[in-house]
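This briefing is meant to be read with the sequence and the coordinates open side by side.

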Amino acid sequence: MNDVHNEKGTNKSLSLFFKSSFIVSAVIIVISSILLYFTFTFDIVPPILNRGIQPATFPKALLILIIALTLLTYFISLKNPWKNEKKLPNSFYITLLSFVVFITVSKFLDFFLGIALLSIIVSYFWGERRVAYLIMVSIIFPLIVFVFFETILGLRFPPGIITNLYYG
Amino acid sequence: MENLGLIFAPLFSYKLLIVLFFGTIFGLILGVLPGLGPTTGGALILPFTMTLDPLSAIVLLTAIYCAGTYGGAITAILINTPGTPAAAATCLDGYPLAQKGEAGRALGMATVSSVIGGIASVVVLIFFAPLLANLAYEFGQPEYFALAIFGLTMLASIGEGSPIKNLIAGAFGILISTVGKDFMTSIDRFTFGINELTEGIGFIPVVVGLFAISEMLTQSTLINQIFNRVALKAVKLPSIDDYKKTWKTIIRSSGIGSFIGVLPAEGGTVASLIGYAEAKRWSKKPEDFGKGSIEGIAGAEAANNAATGGAMVPTLALGIPGSATTAVILTGLIIHGVRPGPDLFREQPEFLYGIFGSMLIANILFFVLGFFGAKIFARITLVPNKLLWPMIFAVSVCGTYSLNQSIIDVWLMLLFGVIGFFMRRYGFSVVPVIIGLILGELVEGTLRQSLVIFDGNWLMFLQRPIALTFFVLSLIALSFPLIKRKKKNDKV
């Protein structure tokens, strides 16, 4: 009986770690702590040049404030739990993945190609199957935007296999 | 007051009229499309404004602001999805009325009350902004610091969601503003050896990321959602009976919206909720609310449009944005070399009154366009997300890249998009981040300069009456949610 009770208690305490309020608070506190550590690596200004406070003081104060408020939010959530969020669908992860594809392709191959690939991935996996529409959204529209920015705003896009062809 | 005649100047400039016309149409389209709205739209169009002169650029942004705020009502009434957060309260009665076959009447009331609210708020702007600007002559660094703190605490306490989460978001926004070379000592902060970060993180990557890209991720989770769209035959002007029922509500909500708008916080959304709640409280038939009450539509719509002019008051008079969209407008002013504040009122009255006049005209224009074109604008909601969002992505990427021609800006935009998505998912509003980013330099700069003036003595802040007043108001603002919660608990 005791074992069952203990097991239930363990499950309850374990489940705390999987609650969104715990995970979100932990992520904020960990990132803030890392950033707080970095503030100690900022250069220190000699007193004669120092304007009021050291350059690191203000970010330090902000990060400590964020950590304190996050802890407060977490303790409030123990009394008033956050609502349970639905599991994210595959379409979300595919869209997120398309961002990675865009970054990789735009960095190593071509900016325009990156936009075209992302557009076709998103449009296709969000349910578009008509080829004409896929071409419109991934080639024709980005081309119009590209030419508009290039001619009206005089923008020079980063070099790449397709952009270089355009610039000759 | 001698400058009042300048309000009519835009009427005599064909260039400004063209800009106003296209700004209003663009604003309506943005307002109609759920997930976009004037803030994201304004941020997306900022790079394009570089081809315009400063007045035309700001007129374009303000026209988008006014028309976009109204446009949200069209979607709220016809598909029960607010085009903008400020139109959320409009859904409550707009959609039930549309379901009863009175979509035209609901839209007619939304249009008329939006125009009245919008015009009333511009009148408040015209008279109140110069007064506030005059008061700002009394402000030194400590007063501006206290004012910025007041703005952030107001945003936390009366904004959407949890006040503590709003404060965390605001502090995060200020933290972003510290990235780059320290403007007083030129020491690198959070640059991690990346040269592009020494100039700091720009406003556009953050705002486009937090609004447009995070919304794209949100839409990716809703691709199977089906909207029940109510057919619209034509927009009808409200009947005499409708006017009799709603005129007091419209006046009350216009006042509420203008007042809430002036407070440095997310005006439109809060204003519409309060306007709606007050309309219900004063109504002879509160039981009709939520079932298609015409007063409910009038209360919400007059209030959210009245917040537009109100939010421009602190933006122009003090350089403190009154809402997320006015933060975009403030950025527009800054990148065009216009510094808001009392000097702007003294040195460039024609510029300011041109903006006031343009806002008046924009309200009249969206009345005409909304009245005769609502049916066409409603069709825009038929553009499927699977085509719309890849196109918005292309514009977002090119727009963000265009300002500094920096690929790092594009990556930052994506990063903030992901951050924004998770923030919204877990109940953190992204608006305080934007306001924090805008106010960050002001908060830190004025704090450090004040400490130089006070020789490091923090207590000297308390010897400045205006600063002290703002600090006391900040404390009241922070304790307001606690009092509200205690009252609620007591009632339970």
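This is a predicted model: local features need pLDDT of at least 70, side-chain atom pairs count only at pLDDT 80 or more; totals for chains, interfaces and linings use all residues.

**Chain B as a whole**

- Along its principal axes, the C-alpha trace of chain B extends over about 70 × 55 × 45 Å, and the chain contains 17 helices and 2 strands.
- Of the 492 residues in chain B, 62% are classed as buried.
- When contacts in chain B are limited to pairs at least 6 apart in sequence, 79% of them link residues that are at least 24 apart.

**The contact between chains A and B**

- Chain A contributes 53 residues to the contact, and chain B contributes 48 residues.
- On the side of chain A that touches chain B, the elements giving two or more residues are α2, α3, α4 (90-108), α5 (111-125) and α6 (131-152) of chain A.
- Of these, α3(A) supplies the largest share of that side, with 10 residues.
- Sorted by class, the side of chain A that touches chain B comprises 37 nonpolar, 11 polar and 5 charged residues.

**Packing of α2 and α3 in chain A**

- Helix α2 (residues 20-39) of chain A packs on helix α3 (residues 57-79) of chain A at an angle of about 165°, and the two axes lie 9 Å apart.
- Because angles over 145 degrees count as roughly antiparallel, α2(A) is roughly antiparallel to α3(A).
- The crossing of α2(A) with α3(A) is left-handed, and the residues of this contact fall into 10 nonpolar, 7 polar and 1 charged.
- Residues that α2(A) brings to this contact include F22(A), I28(A), I29(A), L35(A) and L36(A), while those from α3(A) include L63(A), I66(A), I67(A) and Y74(A), with K60(A) also among them.

**Packing of α3 and α13 in chain B**

- Helix α3 (residues 54-79) of chain B and helix α13 (residues 349-380) of chain B are packed at an angle of about 35°, with a separation of 8 Å between their axes.
- The crossing of α3(B) and α13(B) is right-handed, and the residues of their contact divide into 17 nonpolar, 6 polar and no charged.
- Among the residues that meet here are L55(B), I58(B), C66(B), Y70(B) and G71(B) from α3(B), and F351(B), M359(B), N363(B), F366(B) and F377(B) from α13(B).

- Between W411(B) and T49(B), which are 362 residues apart along the chain, the C-alpha separation is 23 Å.
- D343(B) is placed in helix α12 (residues 342-347) of chain B, and this residue counts as exposed because it has 12 C-beta neighbours inside 10 Å, the exposed class being defined as 12 or fewer.
- D343(B) and K248(B) are 95 residues apart in sequence, and their C-alpha atoms are 38 Å apart in space.

Notes: Residues are numbered from 1 along each chain as its sequence is written. Chains are lettered from A and ligands numbered from 1 in the order in which they are written. Axes are lines fitted to C-alpha atoms, for helices over the stretch in contact, and angles run from 0 to 180 degrees between N-to-C directions. Helices (H or I, at least four residues) and strands (E, at least two) are DSSP runs, numbered from the N terminus. Angles under 35 degrees count as roughly parallel, over 145 as roughly antiparallel, 65 to 115 as roughly perpendicular and the rest as oblique. A crossing is left-handed if the near helix is turned anticlockwise from the far one by less than a right angle, and right-handed if clockwise. Two residues are in contact if their C-beta atoms, placed from the backbone, lie within 7 Å. Ala, Val, Leu, Ile, Met, Phe, Trp, Tyr, Cys and Pro count as nonpolar, Asp, Glu, Lys and Arg as charged, and the others, Gly among them, as polar. A residue is buried if 20 or more other C-beta atoms lie within 10 Å of its own, exposed if 12 or fewer, and partly exposed in between; C-beta atoms are placed from the backbone.
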